[in-house]
Amino acid sequence: MKAEELRQQGRVAAALAAARGPIGALPAELLVVRARALWDMEHTEAAAEQAFEAVRRDPTLPAARAMRGLAQLDAGDLGAAWDEAEYAQKRAPEEPLTYLLLSELHGEHGQFEEAAALLSEGVRRRPFDADLRLHRAGWLSQIERGEESLRDVEVVLTRFPEHVLALSVRAALLGASDRADRALDSAGEAVRLAPKCAGALMALGLVHFWRAEDDVARRVLGRAVRTAPASPRIATVRALPELRSDPRAALALLPDGKLCCRPSVHADIRYLQAVCHHCLDAPEESRRLLDSALEYQPWHLESLDLRCWLLLLADEEEGALRDAQAVLARHPDELRARSVRGAVQVRHERWNAALEDSSVALATDPQDVLSLWVHGTACAMTGDTERARAALSRLTAVDTTGELTRRLAALVATARPEADRTDWSKRTWEVLHRVGTVVSLAGVLAGVGGSVGGGSSA
């Protein structure tokens, strides 16, 4: 069987074996196959070597140029990658690698819908192309179309049951959607089929991390790093198990800022560093790192989500609201952004808006401290005393510092049912402002810590 056929079936190790030989003796087409298989396995440095040699052997081969573009993108050279994409699109617009390169570039610019649409065009032209479907699945998951992305993966696995990349992608999608047992089975099968595939090992390590099996995750991700030591993505993911228990150790494992990689990977690294400093109670350094992440990618939602929280802690309401709105525009149910926006709504006495935000947040996490406070406050100020007392009761059980509970209790104690309110809410709110009971949340929330409005941090 030809090497490209094996690679299309997801049998990456077999494809590499079928295309083996001295790099100087292989034709450009076979070098592209080797580069693709290595790239699928997350061996990006080796893939780049093969891709550049393929172009040297045949500078006019569109697939080789597109593959070199992917390598340049991985090294952070977006300008050169766009040049290769334009060449490949002009010479071979229906080449699958052309679609892949263009979609990856759109994704790096935050154009996830465009990336998915581009690959959908490719799938219409080549409905059985596994690469196009699997990469479309990745972008669909980015725009909250998880079930569609899983369907794409299942189409591939129906035809190629031993497709290592498809099994790895399925594991990641299932693990991210809290279907950990199925995710573990899929990732385990991928590693069984290709034990030296760093991408499969990374997927398995992530699944163990999501299952809170940190010791196992460390071992598996350590294997992935040893298998592909030059992969920036794997070097970044390796720090996740440490982040949960030892932020300083996680910081030591994360790559430094001199790494040559995609802007999205740079943003992920800065974000994880910011999370570490947030856990170490260093908000200023965390803010600086989040600003850096957002310089690389202004649409990096995790960074916006954490920064909106830190801005709220610093009493910078306008910035907090701006970042929260940016997150909610793409992910309307994001817990931390909802709770932050709800708190800002309370500060501006927009009670109905605060009720809506806190209700959505509490549907995600019924024990979210900030959202319970927002909800109880808004209920009290709109005369719904029964719901305000219910929120106070729930808040009492989860508020570790007790300060937000005391503030809400003071408000509920003077609350009036809606029929008896007259101008009570206006007078009460003015009194609370004067005595400083609700004016500033910063000190209270700093005591509660990052667990409030949990958000999407790693």
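**Aromatic contacts and loop residues in an all-helix predicted model**

Phe112 and Trp139 are both buried (under 20% relative accessible area with a 1.4 Å probe, protein chains only; exposed is over 50%, and partly exposed lies in between). The model is predicted, so local features need pLDDT of at least 70 and side-chain atom pairs count only at pLDDT 80 or more, whereas totals for chains, interfaces and linings use all residues. Residues are numbered from 1 along each chain as its sequence is written, and side-chain values use heavy atoms, without hydrogens or water.

The whole structure holds one aromatic pair. The ring centres of Phe112 and Trp139 lie 5.7 Å apart with planes at 15°, so the pair is stacked (centres within 6.5 Å, using the six-membered ring of Trp; planes under 30 degrees apart are stacked, over 60 edge-to-face, the rest tilted). Phe112 belongs to helix H8 (residues 112-125) and Trp139 to helix H9 (residues 130-142), so the pair ties together parts 27 residues apart in sequence. Helices are DSSP runs (H or I, at least four residues), and strands are E runs of at least two, numbered from the N terminus.

The chain has 28 helices and zero strands. Of its 458 residues, 57% count as buried.

Two loop residues other than glycine have a positive phi. Phi of Ala212 is near 60°. Ala212 sits in the loop between helix H13 (198-210) and helix H14 (214-227), and counts as exposed at 53% relative accessibility. Phi of Asp281 is also near 60°. Asp281 lies between helix H18 (263-279) and helix H19 (283-296). Its relative accessibility is 67%, so Asp281 counts as exposed.
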